[in-house]
Amino acid sequence: MSATATELRKDKGIQNGPIHYPFWFGGSASCFAACVTHPLDLVKVRLQTQHHGNRLNMMQMFVHVAKHDGITGLYRGLSASLLRQITYSTTRFGVYEKLKTSLTTDNSAPGMGTLVALSSASGFLGGLVGNPADVLNVRMQHDASLPPAQRRNYKNAVDGLIRMSRAEGLGSLFRGVWPNSTRAVLMTASQLASYDGFKRALLTHTSLEDGLTVHFSASFLAGFVATTACSPVDVVKTRVMSATTPHASIIKLIMEINRTEGVAWMFRGWVPSFIRLGPHTIATFLFLEQHKKLYRRWRELDV
């Protein structure tokens, strides 16, 4: 049984179907997680946008950023990151949970194939809605690594949205929308569906009960799957969004990267991506499960 299938409302001992949690829970949990993992996300972006040649590794990049921008430099672009979670994660988590709940009954829950389909559709919608904030997030994190004359120096996410729209047109807010939406499909399918799958397997095939150990283990495995599945698209998305001029096409960009850097580009920054996405995935689902627990307690739902 999935998490939704086991979270059944009981009123005087009668189960009345799955609990319908607030739509915004996923976005809220993701915002809490983003505050914890933002420095790792910034370092990942800096690694992926390094020019071909003398490259820094993850630890060297941490030191470089802290030395040149200060400790607060590791939180550059946090406002854009939070705006991204409010738009992107709220949409993908909210739509996924609503669709999953609608297909859950007292006696059955959606299978893995159905969960992958639902999460893919939810991720695509999330990618579209969250693209403007994602562009800002990448730009603000990448800004300090540019020459002073090329820096955009956005004050915050709102300032960035206004200045981008005025200087580059509204179309700039959706730069890289297709690789970003593709990544969102892969991310949501590999993260949300796999979390439900791993959680179900742990509850079914082990003696563990639905609690912190299961939530941590399932989210850790989901983070590993999501990092590997999304790495190639994540690199392309970062290159497109951080570019000072639009690329002719995604295909040409991929061919150029492959020609100059070889196939290793597909997993450029995988380690910092996992170090960032693993904790982010764990924190997101732990916060989400606590949101649900508190909601059930507040509504006096005996589960």
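How many salt bridges does the structure hold? The structure holds 10. This tour visits several of them, then turns to helix packing and the surface. Keep in mind that the model is predicted.

**Stop 1: the whole chain**

Start with a cartoon view of the protein. It has 10 helices and two strands. Read from the N terminus, the elements go α-β-β-α-α-α-α-α-α-α-α-α. Now colour by accessible area. Of the 303 residues, 53% count as buried.

**Stop 2: R46 and D69**

Select R46 and D69 and show their side chains. They meet in a salt bridge, with 3.7 Å from N to O. The two partners belong to distant parts of the chain: D69 is in helix α3 (residues 58-69), R46 is in helix α2 (residues 25-48), and 23 residues separate them. The cut-off for buried is under 20%.

**Stop 3: Q48 and W265**

Stay on helix α2 and select Q48, which also has its place there. Q48 is buried, at a relative accessible area of 0%. How far apart are Q48 and W265 in sequence and in space? They are 217 residues apart in sequence, yet 8.8 Å apart in space, taken C-alpha to C-alpha.

**Stop 4: R139 and E168**

Next, select R139 and E168. This pair forms a salt bridge whose closest N and O atoms are 2.8 Å apart. It again joins distant parts of the chain: R139 sits in helix α5, E168 sits in helix α6 (residues 157-168), and the separation is 29 residues. R139 is buried, with a relative accessible area of 1%. E168 is partly exposed, with 37%.

**Stop 5**

Select K292 and E97. Their closest N and O atoms are 3.8 Å apart, in another salt bridge. The link spans distant parts of the chain, from E97 in helix α4 to K292 in helix α10 (residues 270-298), 195 residues apart. Is K292 buried or exposed? K292 is buried, and E97 is buried too. Now extend the selection to K100 and D196. E97, K100, D196 and K292 are linked in a network of salt bridges.

**Stop 6: helices α4 and α7**

Hide the side chains. Turn the view to look along the line joining the two helices. The crossing of α4 past α7 is right-handed.

**Stop 7: a nonpolar patch**

Which residues make the nonpolar surface patch of about 310 Å²? Select F124, L125 and W178, which make it together. F124 lies in helix α5 (residues 112-142). With a relative accessible area of 32%, F124 is partly exposed. A patch residue needs over 30%, so F124 clears that cut-off.

Terms used. Residues are numbered from 1 along each chain as its sequence is written. This is a predicted model: local features need pLDDT of at least 70, side-chain atom pairs count only at pLDDT 80 or more; totals for chains, interfaces and linings use all residues. Side-chain values use heavy atoms; hydrogens and water are left out. Patches are made of residues with over 30% relative accessible area and no salt bridge: like charges are joined within 9 Å, nonpolar side chains (Val, Leu, Ile, Met, Phe, Trp, Tyr) within 5 Å. Accessible areas come from the Shrake-Rupley method with a 1.4 Å probe; for residues, only the protein chains shown count as cover. A salt bridge is a side-chain nitrogen of Lys or Arg within 4 Å of a carboxyl oxygen of Asp or Glu. Helices (H or I, at least four residues) and strands (E, at least two) are DSSP runs, numbered from the N terminus. Buried means under 20% relative accessible area, exposed over 50%, partly exposed in between (1.4 Å probe, protein chains only). A crossing is left-handed if the near helix is turned anticlockwise from the far one by less than a right angle, and right-handed if clockwise.
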